[in-house]
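Hello,

Here is the structure I said I would pass on. My notes follow below it.

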Amino acid sequence: MSEIIRRDPRREWIARNRLHPDYASVITDMGGGAAVSEWLGPNGVMRKNPRAVGFIGPNGVKRIDRSGLQQGGQSAATTTAPQDSRRTVTIEDPTFLVAVVPDLTGGRLSGHDKDLLGLARRVADANAEQPGVVVAILFGEHKEDALGDAGIDRVVLLDDDVYAGFSPEARLAALSAVEREMAPRFWLLPDSPLGGADLGRRLALRLGERAATGVWQIEADHAAPLGWHCTTRGAAGSLDIQRPLPRVALALAECAEPVDETRHAAKLLMLTAPVPTTLSRIEDLGQVAVDPAGVALAEAEFILSGGNGIKEWDAFHHAAKVLGATEGASRVAVDDGFMARDRQVGATGTWVTARVYVAVGISGAIQHLQGIQRCDKVVAINLDPGCDIIKRADLAVIGDSTQILAALVAMVEQQRGGQRDAA
Ligand SMILES: Cc1cc2nc3c(=O)[nH]c(=O)nc-3n(C[C@H](O)[C@H](O)[C@H](O)COP(=O)(O)OP(=O)(O)OC[C@H]3O[C@@H](n4cnc5c(N)ncnc54)[C@H](O)[C@@H]3O)c2cc1C
């Protein structure tokens with residue numbers, strides 16, 4: 001075959017014109033299948049496509065892709081699966097330990113947990129000559145198969161029944177045992193209302209430390225006793241306070257980037273001395289069912305939110321009831337009188353922190369996305385595969401809202417019927 005590189009001026013022109021309808025396919029072809037940020041031009045000169053660097057992050061904000069693997073992923077549908085390029089890091093002789101106690105809600109690391117582990121890694125890796133290790137103390141059974149990918153070097157697994165449910169005394173006894181045996185330099189917990197916030201404050205009291213709460217940033221500081229200072233949010237979120245980072249810190253979500261470039265050993269560690277487990281003065285009577293409609297939006301864990309794409313509001317309310325979800329709405333749905341004002345999600349409504357947020361017939365305007373940026377998983381049901389909520393969504397269902405909600409309700413009712421029959 002001829003070695004001559006033939007130019008195609010039209011394709012080159014399209015490649016320079018980001019608004020051309022064929023831009024994505026041309027740039028993809030030039031990269032041999034995936035949109036690339038660099039390719040060899042016809043004259044042997046390397047050409048750069050600065051817009052292909054990075055990808056649209058979960059909040060709709062462009063993020064720079066440091067691994068170089070998610071290039072050009074403009075939408076969820078076109079993103080190619082990244083190859084695994086993580087660097088494996090094994091630390092045999094650590095100088096110190098950073099203990100992290102993730103919430104591990106439902107047996108999985110939450111987004112908040114992963115941010116916290118990212119923060120722990122920053123502290124552990126700050127000095128390459130004196131590396132630290134991140135030790136995760138996990139209560140209850142976990143369902144994570146890639147703890148090392150989240151930045152964990154060592155794992156202390158405490159899956160005894162005694163740690164199930166609300167068991168602060170048993171957990172505190174276990175953390176005290178970790179303190180005795182391993183003496184971590186830092187203790188990091190998520191400052192989450194239903195998790196680390198309570199346990200972290202108890203731990204600080206037990207260790208005689210003045211915990212830093214609401215931590216959202218840390219900086220190396222040689223003048224500080226432990227080499228770091230932190231910025232915490234105080235005065236009901238209205239003030240930032242700077243102080244040296246103490247041994248016990250409770251951090252907010254987005255306090256750091258989650259680990260995405262390295263893979264760690266997640267080696268199991270055992271406590272040598274038995275942990276006392278018979279000191280419970282608290283009896284956990286289990287969770288009490290509440291009416292999801294009565295749950296404040298800001299505290300709801302599962303939200304079904306409706307927008308201008310809802311055509312049958314009775315069917316929407318029925319679906320929320322069957323799914324056991326708290327109802328939310330876009331501003332258009334509220335302005336049109338379909339939903340109450342206190343149900344509006346977004347910049348001028350409520351900022352929600354649900355673990356699962358289902359947006360039905362909502363386009364994903366920036367004001368709405370602002371309100372859901374701290375949600376863990378977003379599911380979008382929409383007719384338009386190109387709308388902004390789809391870019392933000394972890395799972396997108398393209399179709400008519402009425403039909404999809406009806407199918408969902410039928411599926412849940414069928415499953416519940418099957419469970420009742422079996423019982
Ligand atoms: C100062 C200011 C503050 C604002 N604050 C907020 C705020 O706090 N919260 C907020 O939500 N908005 C807010 N807005 C409004 C915001 O800009 C958008 O107008 C609004 O979020 C759009 O609501 P929507 O997505 O429901 O409607 P639309 O933008 O009309 O989107 C409807 C979506 O439904 C889809 N659809 C249509 N039919 C169907 C169907 N049959 N099945 C499935 N999908 C369907 C469409 O594809 C579309 O994506 C604010 C605006 C301003 C200027």
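This is a predicted model: local features need pLDDT of at least 70, side-chain atom pairs count only at pLDDT 80 or more; totals for chains, interfaces and linings use all residues.

A polar contact here is a pair of N or O atoms within 3.5 Å.

A backbone N or O atom of R331 lies 3.0 Å from one, and an N or O atom in the side chain of N382 is 2.7 Å from one. The ligand on its own exposes 980 Å², of which the protein buries 74%.

The ligand is surrounded by 25 residues, and the closest are S330, T348, S363, N382 and D400. Sorted by class, this shell has 15 polar, six nonpolar and four charged residues. Helices α7 (331-335) and α8 (366-371) each supply at least two residues of it.

Now the sheet. Nine strands form an open sheet with mixed pairing, in the order β12-β11-β10-β13-β9-β6-β7-β8-β15. At the edges stand β12 (239-244) and β15 (267-269); each has a single partner strand, so one side of each is left without a neighbour in the sheet. From one strand to the next the twist averages 35°.

Within the sheet, β6 (residues 96-100) and β9 (residues 186-190) run parallel and are joined by three bridges. V98 stands opposite F186 in β9. Helix α4 (residues 168-182) packs on the sheet and touches β6, β7 (132-139), β8 (154-158), β9 and β15. The direction of α4 makes about 155° with that of β7.

Regards

Methods. Residues are numbered from 1 along each chain as its sequence is written. Side-chain values use heavy atoms; hydrogens and water are left out. Two strands pair if DSSP finds at least two bridges between them. Helices (H or I, at least four residues) and strands (E, at least two) are DSSP runs, numbered from the N terminus. Axes are lines fitted to C-alpha atoms, for helices over the stretch in contact, and angles run from 0 to 180 degrees between N-to-C directions. Contact means heavy atoms within 4.5 Å. A residue is near a molecule or strand if one of its heavy atoms lies within 4 Å of it. A polar contact is a pair of N or O atoms within 3.5 Å; within protein, one must be able to donate a hydrogen and the other to accept it, and residues adjacent in sequence count only if both atoms are side-chain atoms. Accessible areas come from the Shrake-Rupley method with a 1.4 Å probe; for residues, only the protein chains shown count as cover. Ala, Val, Leu, Ile, Met, Phe, Trp, Tyr, Cys and Pro count as nonpolar, Asp, Glu, Lys and Arg as charged, and the others, Gly among them, as polar.
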